[in-house]
Amino acid sequence: MAHALTLGRRGMGRTWPNPAVGCVIVAQGRIVGRGWTAPGGRPHAETRALQQAGEAARGATAYVTLEPCAHHGQTPPCADALIAAGIARVVAPLADVDPRIAGRGFARLRAAGIDVTTNILTDDAARDHAGFFLRLTQGRPLVTLKLASSFDGRIATASGESQWITGPQARRYVHALRSRHDAVMVGAGTARADDPSLNVRGLGVTHQPVRIVISRLLDLPLMGHLARTAREQTVWVCHGPDAPSETRRAWTGLGAVLLPCREVARQLDPASILEGLGQAGLTRVFCEGGGMLAASLLSAGLVDELVGMTAGLALGAEGRPAIGPLGLDQLRKAPHFILQDTRALGPDILHRWTRSR
């Protein structure tokens with residue numbers, strides 16, 4: 001099952017709105033088939049593994065990282081494919097939350113006489129599928145917030161200089177994280193100040209995430225990198241109802257996709273932003289700030305994972321903070337996270353946290 005989970009992670013960032021599933025087929029102690037969800041969500045992991053296994057699948061055990069589907073979509077049900085191949089046993093960590101499946105896959109397998117074992121590495125599988133589950137149950141994608149900052153929590157000097165606070169190892173790790181998410185998201189201030197590319201570089205990766213900018217009034221440079229490359233790599237811009245119509249036409253003409261969102265107190269409502277991204281099919285979003293966007297997501301309780309990269313330098317109180325104002329007057333009201341991992345990335349420190357529930 002651990003191997004199947006590893007295979008499933010190969011599809012992260014490529015399979016939305018479908019889950020990134022892995023499958024390993026074992027016969028007489030030997031792996032005869034392996035598969036993971038293909039880019040775009042199809043073929044499914046089970047189909048690919050069964051195709052590789054061929055006749056060796058008869059009487060074998062299939063380790064699948066999520067309950068096999070039991071409904072007819074663009075492809076036939078994976079549960080039926082496992083039955084037709086003669087699989088004798090299916091091991092899966094947990095049931096799907098999709099109401100079209102939700103136990104029906106397991107029931108169909110058992111009705112066909114296949115032994116079904118569940119609750120294996122459940123926590124690991126739940127983490128891997130968290131974005132897919134959140135989209136189905138709450139209508140929004142999982143949000144990972146990345147903050148690369150100085151020791152005193154600053155992301156730039158007072159003049160705005162920020163390249164580079166962290167070293168090359170940390171930056172390479174960020175590109176790896178981008179590649180495992182469906183989209184990379186920044187606020188308008190970051191887009192204006194940094195003119196970022198928001199793509200994956202230096203890893204030999206062929207696919208690229210959706211690039212998202214949050215800009216209430218669409219006040220973004222029309223000659224910036226994102227605008228110039230919108231036809232080459234997808235750009236979505238979330239905006240408010242007051243965005244000028246001529247600016248909307250300009251961005252649409254450049255090839256960007258516009259997503260209208262609700263406003264709260266003259267700011268885009270973060271819940272509305274994520275709702276729109278969920279409706280568009282995204283399951284995993286990697287947010288790289290800036291400070292105001294980070295603060296709005298944290299205040300709304302919409303950050304699921306927090307990735308910090310801390311460098312060994314100090315920029316002082318006049319530097320730009322990693323997180324904007326939260327309006328807190330009591331510690332108990334602060335967003336709380338649970339430490340999951342910490343390690344060195346070259347001269348910098350990586351620390352990864354998950355939201356306390």
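**Strand pairs and helix sides**

Trainee: Which residue in β3 is the bridge partner of isoleucine 25?

Mentor: In β3, that partner is alanine 62. The model is predicted, so local features need pLDDT of at least 70 and side-chain atom pairs count only at pLDDT 80 or more, whereas totals for chains, interfaces and linings use all residues. Residues are numbered from 1 along each chain as its sequence is written, and side-chain values use heavy atoms, with hydrogens and water left out.

Trainee: What makes β1 and β3 a pair?

Mentor: Two strands pair if DSSP finds at least two bridges between them. Strand β1 (residues 22–27) and strand β3 (residues 61–64) are joined by 4 bridges and run antiparallel, so they pair under this definition. Strands are DSSP runs of E with at least two residues, helices runs of H or I with at least four, numbered from the N terminus.

Trainee: Why are β2 and β5 called edge strands?

Mentor: The open sheet has the order β2-β1-β3-β4-β5, with mixed pairing. Both β2 (30–36) and β5 (115–117) pair on one side only.

Trainee: Which residues of helix α2 are buried?

Mentor: In α2 (residues 45–53), they are Ala45, Glu46, Ala49, Leu50 and Ala53. Because these residues cover an arc of only 125 degrees around the axis, they lie on the same side of α2; the arc is that of the directions from the helix axis to the C-beta atoms. Gln51 and Gln52, on the other side, are exposed. Buried means under 20% relative accessible area, exposed over 50%, and partly exposed in between (1.4 Å probe, protein chains only).
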